[in-house]
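Let's walk through this structure together, one question at a time.

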Amino acid sequence: MRYLMRDGAPLTDSQWGQIDAAVVQKAKETLVGRRFLTLVGPVGASTQNVHLDTLSDNHPAADFWGDNDESQIRVKDRRFVNLAAIYSDFRMSWRDVENERGAGVQAAIDAAMAVARREDDVVFHGLKEMDIDGVFTAEGVNRLKIGDWNKGEAPLQDVVKAIEVLVGGGASGQRALVVSSDLWGKLHRIQAGTGIMEVDRVRSLVNGGLFSSTRIGENKAVLLYTDPHNIDLVVGQDLTTAYLGNEQLDHIFRVFETVVPRVKRPRAIAVLE
Amino acid sequence: MPNMPAPFVATLPKDKVTKYDLIQAVRADIVGELEAIYLYDAHANAAADPVAKAVLADIRDEERVHVGELFTLLKYLDPKEAEHLADGETEVREVMESLGIATNDDAGAGGLTVGSLKD
């Protein structure tokens, strides 16, 4: 991993250990997409793109007589998507470097948080500049009108409706629900006449987990079937820290990673907005 | 303790040694460094005095660097040995993968990685 240029940094192994541990810990605390998406890789820092296949039929067909070519399921479209290089730089003063007691690690933590948030931005919204589709932006995802989650059983009804739409479209397997922070709050109320929190009723419907994210905007939610034949997340270089060099005695570092979400079956996703 | 047939311990050879002898000498040097790590580590762990503990641990770590240098030199001198060492690394990675354990190749430079967060 010479490209990380760590040998050029004036840090001890202990200091690198502190930075690595802090960066990974903060990323784990921040990331949401990786909690429900299947991770592919790391496939290596040198990997610049991966294939993304679209199959010929969103409703796989089976036949009986063995002479019907039309029922073959095949790759209809194969395109190659670039892995986005997400990074955030931070600076450690020379005095913090000399300190050796963890000073300066806070900047690394903030950089890790910035990269993790950006990864979730790409997972949910894609990256138009690189022609990367996200959960909310992929062409063909189901778009449903969301109800008023302050009222009655609207949350449960919306999720049930979304499940019906997706199952009707052929989806199966584990399903996850991601809600915006404001909706997360609205789920935490006792449902009248049941004595049960609305969040618990909704959670019982999503065997792939219920998550809250600050990265999807307000009054939005997305239900998706998370099996890797529907969607996955390819990691080239997993989140790590490189040394960029020194400037006026201080030292510059980069927290970075390369990732791309692959939305293979948009019909397995329902956006509530 | 290993009992290595160490070339030119007492007297230096009159002429430059053959490549084969040089490779053998480097192997003996690696053993010597590993012995030193073994001893310094034991002494550092046994030392109650914090300064002695830190100095011995520091020397131990310097010997570890020497092992890295000598292995790199060995691989340069004997590419065939380098291939065998690489085969060994691959075999261990395969065992780790079969056990579902992430290898260092998957990890960041510090051996830490974020990886999947799915339950």
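A salt bridge here is a side-chain nitrogen of Lys or Arg within 4 Å of a carboxyl oxygen of Asp or Glu. This is a predicted model, in which local features need pLDDT of at least 70 and side-chain atom pairs count only at pLDDT 80 or more, while totals for chains, interfaces and linings use all residues. Residues are numbered from 1 along each chain as its sequence is written, chains are lettered from A and ligands numbered from 1 in the order in which they are written, and side-chain values use heavy atoms, with hydrogens and water left out.

Q: How many Å separate the centres of domain 1 of chain A and domain 2 of chain A?
A: Domain bounds come from an automatic or database domain assignment. Domain 1 covers 2-56 + 71-134 + 232-263 of chain A, and domain 2 covers 142-225. Taken over C-alpha atoms, their centres are separated by 30 Å.

Q: Which side chain meets A:Arg215 in a salt bridge?
A: Between domain 1 and domain 2 of chain A the count is one salt bridge. With a distance of 3.0 Å, N to O, the side chain of A:Arg215 meets that of A:Asp121.

Q: How many residues of domain 2 of chain A are in contact with domain 1 of chain A?
A: Contact means heavy atoms within 4.5 Å. Domain 1 of chain A brings eight residues to these contacts, and domain 2 of chain A brings nine.

Q: Where in chain A is the place of A:Arg189?
A: Leaving aside neighbours within four places in sequence, A:Arg189 is in contact with residues including A:Trp149, A:Pro155 and A:Glu198. From A:Tyr3 it is 186 residues away in sequence and 51 Å away in space, C-alpha to C-alpha. Helices (H or I, at least four residues) and strands (E, at least two) are DSSP runs, numbered from the N terminus. On that numbering, A:Arg189 has its place in the loop between α5 (181-186) and β7 (190-191).
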